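User: I have a structure open and would like to work through it in short steps. Can you take my questions one at a time?

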Amino acid sequence: MRQTKPLRLHVPEPSGRPGHATDFSYLRLAPAGEMRKPPVDTSAYDTRDLAISLVRVLDDEGRAVGPWAEERIDPELLRKGLRVMIKTRSYDARMLIAQRQKKMSFYMQSLGEEAIGTAQALALTKGDMCFPSYRQQNLLIAQDVPLVDMMCQLFSNERDSLKGRQLPVMYSMREHGFFSISGNLATQFVQAVGWAMASAIKGDTRIASAWIGDGATAASDFQTALTFAHVYQAPVILNVINNQWAISSFQAIAGGESTTFAARGIGSGIASIRADGNDFLAVYAVSKWAVERARNNLGPTLIEWVSYRAGPHSTSDDPSKYRPADDWARFPLGDPIERLKKHLILEGHWSEEEHNRTQKECEAEVIAAQKEAESYGTLATGRSSSVATMFEDVYKDMPWHLRRQRQQAGV
Amino acid sequence: MSYRPSTGKTRNMTMIQALRSAMDVMLGRDENVVVFGQDVGYFGGVFRCTEGLQTKYGTSRVFDAPISEGGIVGAAVGMGAYGLRPVVEIQFADYFYPATDQIVSEAARLRYRSAGDFIAPLTIRMPCGGGIFGGQTHSQSPEALFTHVSGLRTVMPSNPYDAKGMLIAAIECDDPVIFLEPKRLYNGPFDGHHDQPVVPWSKHPMGAVPEGYYSIPLESASVFRPGRDLTVLTYGTMVFVAEVAAQESGIDAEIIDLRSIWPLDIDTVLASVRKTGRCVVLHEATQTSGFGAELVSLVQEHCFYHLEAPIERIAGWDTPYPHAHEWAYFPSPARVSEAFRRVMGGTPGREVQEDRFTAGREG
C-alpha cells in the first residue's frame, strides 16, 4: 500500500499583510477593450469567458476602447456621474468626522467604490427597486436625494424618517427605489429576486437590482437567490461588489481563491460578467446591458464588480491591523474618480478648474446639509423622536401588550 | 361544546379542504395573493391543501418552489415589499429552521425598521404537531420560537371552521402571520385516544364550513367548552384532549382555545381564570421555555388574587419527539385528567412527588 503524507487543512491567506505589499496578480485582469460584448439575449453558458475575465472600457490614457464603448454615453451623464462620485466622497469624509465628533454612533464609507452604485443608478429607471447592502449610499446620491434626509437618519434626530430605530447608514427610501437595509447580510439578495418575481407576476416593466459584497456571497441566501433567479428567470441584476475584503477577511476566505464570483453565476445558469468596478464607463455599459436583458424578460444577470475597499470597513475598524497601509495606492484598477476625470478631460468635457470647483461645491453642499440636519438634533444632543414611537410599527395596529408596555415605560 | 355557528351556505369539509377553500377564496378575491412552496403547485401539496388551485388560477399565482425554506420566505418578503400578499408553505414546521433568518430578522422587523416604508404581509403555513408517528422531524410544535419574536403573529386553528376563517384573516392581515396547522387534525378531531377509531370531520359539527368568504378575527380566543371548575388554556390538538379529559375526570373544565397564540386574546383568558380560580396550561410542545411558561406567567401576574391553586402545566417532555414512544410522549387524556384532579385539590399525582426527581441528583 502506498504511503501518503498526512492531510493538511488549507486556509487561504492574502499575500499582503501589514508591512508586506500585496501581490495583486491574483486579480485576473484584462486590458481595456479586450472583452467582447455579447448580444443581450445570450445564453448563460455563452458568457463563461466573460465571467472569468474582466470587462474594461477605460485604458490607462483615459480613452474609451473596445466593444463596450461603442454605444456612446452622453457626456452630460458622465459629468453627472463624476459629480455624484465627488459628492459621495465628500459626504463620506464629512460623516466620518461627524462620527468622530460623536454626533452619531457609527458610519461606513464607500471610498473607492463610488463608481459602481452611481453608474448603475443612472442606468436604472425610476420605479426600479434596489436592494442594497450598507455601502451603496451613492444609489441615493445619484438620484439627488437631499443629503439632509440621509444625514437625519445618521444622526437619529427628530427628523429621522426611521425614528431612531436603525443604526446609522441603514437607510430606507421606498420613493427612491431603495429597500430598507438590514444588518443581516445577504438577506436582501433573495428578497430582490422575490421583488423581481412579483414584478413579473404582475406583468409590470420594473426590475430589481440586488447588491452584495464578496464576503456575504458565502451566506446561504446568496446561492438561494441565484437558484430562484435562475428557476423563475426573474428580472433582476445580481451585483456582487468584490472589494477584496470582508472586514479583515481577504476575499479568498469567502471562496474567491482560483476562481471568480461571477463564475458562480455560470454554475447557476445565469448570464454572468466580471467587470472593472472602478471604470465608470464599464459599470454603466455593463449595467445597461443587464438592465436591457431584465427589462426585455431575458432573465437575470450576475455581475461581479472588481474594486477595492479603500477605507476602513467601518468606523469601528482599523485596517492597518490586517492589510498593508498603502494597499489602495497599489491596487491596479486605481481610483474611479481619477479615472473618469482623466477620460472627461481627454474628451474635452471636463477640466481641472471644473473639477476643483465641483469639489468645492459638493463640500459646500455637504456642509450646508449637515448644518441643517444638526439643527434637528444629533445623537449627542439627544434630540430624537419621542420614546413613545418605539412601540409603534412593530405591528400595523398596536396589540394590548405593547400598549401596556408603553404605559409601563411612562410614555 | 360551543363554537361560532356558521352562516351562509355550508358544506362539510375536512381541515385540509377548509384551508384549501380559504386560499381559493382569497386567490379569487385579491389578485395580489400568490401561493407557493414545495410541491404546492401542480401536485397540490403533500397534504392536498392546495389541490386544484394551480389549475384554477394559473402558474403565476400558484407555483412550485425549490427546496429552500430560506428562499421561499425570502422571496415572499421581497414580494410583500413589492405589494403582493404571499401565502407560502413550509412542508413541515420541523423544516422552518433554514428560514429563521428571513422570518426573524426580516419579515418580523421590516415594518418596524423601515418605519412603515415597507411591510411584509405574508402568511407562512406550516403543518405542525405530533400524534402521527412522525418521529423527530415531522412532529414538532415550534410555536414558542415564533411567539418570542416581536412583529410576528402566531396562530393555530383546531377545526375546519376556524381553520378557514383564521387563514382568511391571516392572509388579509398586514402583519406576517405564522399559521400553524396541526396535521393530526387535518382529517378529523383527535382526543389522544389513539387506540380508538378516528372520527372524520364529516361527523363533527365543526366540519360544517361556509363555502364563501368569512373571517375569524386574529387575537380572538374561543370558549371551546364552558365550565366552572377550572380553566384550560390550550390550542390545536390539545383542545380535544382537554375536552375528553373533562368528560373522563368529571371535572367541569372551561376550555379556552386560544386560536391566536400570540398576540393572544387576553380578555377571554383572564375572564375565565378569574371566574374559575384554577388554571391548567396545556400544549404538545416541550415544556421548558415553551409558550406555556408565558401563559403561566400572564395568569400569575393578572389573576394572582383569584387563584385557589398553583397553575399546572402539561406539555411534551423536554426531549426530541420520539418515534416508538409516541404515546408516552404525547400529553394523554389520562395525564391531563390527573392534572385536573391535582388542581382541584385531589390526591397529588406522581408529578408533584418532588423527591422522585431530586433523589436522583442527590443520590
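User: By class, which residues does the lining of the largest cavity have?

Analyst: This is a predicted model. Residues such as B:Cys128, B:Met156, B:Pro182 and B:Tyr235 are among those lining the largest cavity. Sorted by class, that lining has five nonpolar, five polar and two charged residues.

User: What volume does the largest cavity have?

Analyst: The count comes to two cavities of 30 Å³ or more. The lining of the largest one includes B:His283 and B:Glu284. Its volume is about 60 Å³.

User: Which helix gives the most to the lining of the second largest pocket?

Analyst: Look at the helices that each supply at least two lining residues. They are helix 13 (400-408) of chain A, and helix 6 (143-147) and helix 10 (291-303) of chain B. With six residues, the one that gives the most is helix 13 of chain A.

User: What is the volume of the second largest pocket?

Analyst: This pocket is lined by 22 residues. Nearest its centre lie A:His401, B:Thr147, B:His148, B:Trp262 and B:Glu294. By class, the lining divides into 10 nonpolar, nine polar and three charged. The volume is about 470 Å³.

User: Which residue does a cis peptide bond join to B:Trp262?

Analyst: B:Trp262 is one of the residues nearest the centre of the second largest pocket. Omega of the cis bond is about -5°, and the partner is B:Pro263.

User: Which three residues supply 22% of the area that chain B buries against chain A?

Analyst: Start with the whole interface. Here 50 residues of chain B are in contact with 44 residues of chain A. The two chains bury about 3,800 Å² between them, 59% of it on carbon and sulfur atoms. The three that supply 22% of chain B's share, more than any other three, are B:Tyr82, B:Tyr112 and B:Arg113.

User: How is helix 7 of chain A set against helix 3 of chain B: roughly parallel or roughly perpendicular?

Analyst: Two packed helices are described by the angle and the distance between their axes. The axes of helix 7 (residues 220-231) of chain A and helix 3 (residues 69-82) of chain B come within 9 Å and cross at roughly 75°. An angle of 65 to 115 degrees counts as roughly perpendicular. Therefore helix 7 of chain A is, relative to helix 3 of chain B, roughly perpendicular.

User: Which residues of helix 3 of chain B meet helix 7 of chain A?

Analyst: The contact holds three nonpolar, three polar and one charged residue. Helix 7 of chain A brings A:Asp221, A:Thr224 and A:Phe228. Helix 3 of chain B brings B:Gly70, B:Gly71, B:Ile72 and B:Ala75.

User: At roughly what angle do the axes of helix 6 of chain A and helix 4 of chain B cross?

Analyst: Helix 6 of chain A makes the contact through A:Thr187, A:Val190 and A:Gln191, and helix 4 of chain B through B:Asp101, B:Gln102 and B:Glu106. One of these residues is nonpolar, three are polar and two are charged. The axes come within 11 Å, and the crossing angle is roughly 90°.

Definitions and conventions
Residues numbered from 1 in each chain as written. Chains lettered and ligands numbered in written order. Predicted model: local features only at pLDDT ≥ 70, side-chain atom pairs only at ≥ 80, totals over all residues. Heavy atoms only, no water. Axes fitted to C-alpha atoms, helices over the stretch in contact; angles between N-to-C directions. Helix = DSSP H or I, 4+ residues; strand = E, 2+ residues; numbered from the N terminus. Parallel < 35°, antiparallel > 145°, perpendicular 65-115°, else oblique. Contact = heavy atoms within 4.5 Å. Nonpolar A, V, L, I, M, F, W, Y, C, P; charged D, E, K, R; others polar. 1 Å grid on protein atoms, 1.4 Å probe; cavity = no way out; pocket = protein on both sides within 12 Å on 5 of 7 lines; lining within 4 Å. Points joined across faces, edges and corners; volume = space filled by probe spheres on them. Buried area = accessible area lost by both parts, 1.4 Å probe.
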